[in-house]
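Subject: Structure handover

Hello,

Here is the structure I promised to pass on. Please open it beside this email and follow along.

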Amino acid sequence: MIEVTNKNIEDLRKKANRLPLSPGVYLMKDKNEKIIYVGKSKALKNRVLSYFTDIDNHTVKTKRLVQNIYDFDTMLTTTEIEALALENTEEKMARLEEYRVNLCMECGCCSTYFFKTFIALSLFLNWLRSS
């Protein structure tokens, strides 16, 4: 059984309570400000707050996540579809540096995979902004 001992829980709960009931994306961060989880919701306040309430009933996986959350950011969207697209983009962007480092370590040089992924994401972001 995992016991969540994150001393930040109450502050995170207060911050989550101030969120709107709008669709959007949330980015959970660890103590080093590294994004450890990206999620989407049709009601940000309810979804983000759910991480910091009734913790004893969370799954082991969620308890481990909550244990490591020290802050979160949110991005509002106008629709759930927009939130889905933004979540996908943010998740990939958050992992982009990790991909690059791992690929460079494996082969000793930066792979073309990184550049193709970067270009694809850049094009998608430009398309999303222009829509």
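Start with the sheet. Its 3 strands run in the order β2-β1-β3, and the sheet is open. The pairing is antiparallel. β2 (35-41) and β3 (71-76) stand at the edges. Each has a single partner strand, so one side of each has no neighbour in the sheet. On average, neighbouring strands are turned by 20 degrees against each other, direction ignored. Keep in mind that this is a predicted model.

Now look at one pair. β1 covers residues 24-29 and pairs with β3 over 6 bridges, in the antiparallel sense. To find the place on screen, pick Gly24: Leu76 in β3 stands opposite. Then turn to α2. This helix packs on the sheet and touches β1, β2 and β3. Its direction makes about 25 degrees with that of β1.

Next, the overall layout. The protein has 5 helices and 3 strands. From the N terminus on, the elements run α-β-β-α-α-β-α-α. There are 131 residues in the protein, and 34% of them are buried. Take the contacts between residues at least 6 apart in sequence: 63% of these join residues at least 24 apart.

Two loop residues deserve a look.

- Glu33 is in the loop between β1 and β2. Its phi is positive, about 70 degrees, although Glu33 is not a glycine. Is Glu33 buried or partly exposed? Its relative accessibility is 46%, so Glu33 counts as partly exposed.
- Asp54 sits in the loop between α2 and α3. Here too phi is positive, near 50 degrees, in a residue other than glycine. Asp54 has a relative accessible area of 53%, so this residue counts as exposed.

Last, a pocket. Rolling a probe the size of a water molecule over the atoms shows where empty space is left. The second largest pocket holds about 150 Å³ of space. Which residues line the second largest pocket? They are Tyr37, Arg47, Ser50, Tyr51, His58, Lys61, Thr62 and Leu65. By class, the lining has 3 nonpolar, 3 polar and 2 charged residues. Two helices, α2 (44-51) and α3 (60-68), each supply at least two residues of this lining.

Write back with any questions.

Best wishes

Terms used
Residues are numbered from 1 along each chain as its sequence is written. This is a predicted model: local features need pLDDT of at least 70, side-chain atom pairs count only at pLDDT 80 or more; totals for chains, interfaces and linings use all residues. Side-chain values use heavy atoms; hydrogens and water are left out. On a 1 Å grid over the protein atoms alone, a cavity is a set of points where a 1.4 Å probe fits but cannot get out, and a pocket is an open set with protein on both sides within 12 Å along at least five of seven lines; lining residues have an atom within 4 Å of a point. Grid points are joined across faces, edges and corners, and a volume is the space filled by probe spheres set on the points. Helices (H or I, at least four residues) and strands (E, at least two) are DSSP runs, numbered from the N terminus. Ala, Val, Leu, Ile, Met, Phe, Trp, Tyr, Cys and Pro count as nonpolar, Asp, Glu, Lys and Arg as charged, and the others, Gly among them, as polar. Two strands pair if DSSP finds at least two bridges between them. Axes are lines fitted to C-alpha atoms, for helices over the stretch in contact, and angles run from 0 to 180 degrees between N-to-C directions. Contact means heavy atoms within 4.5 Å. Buried means under 20% relative accessible area, exposed over 50%, partly exposed in between (1.4 Å probe, protein chains only).
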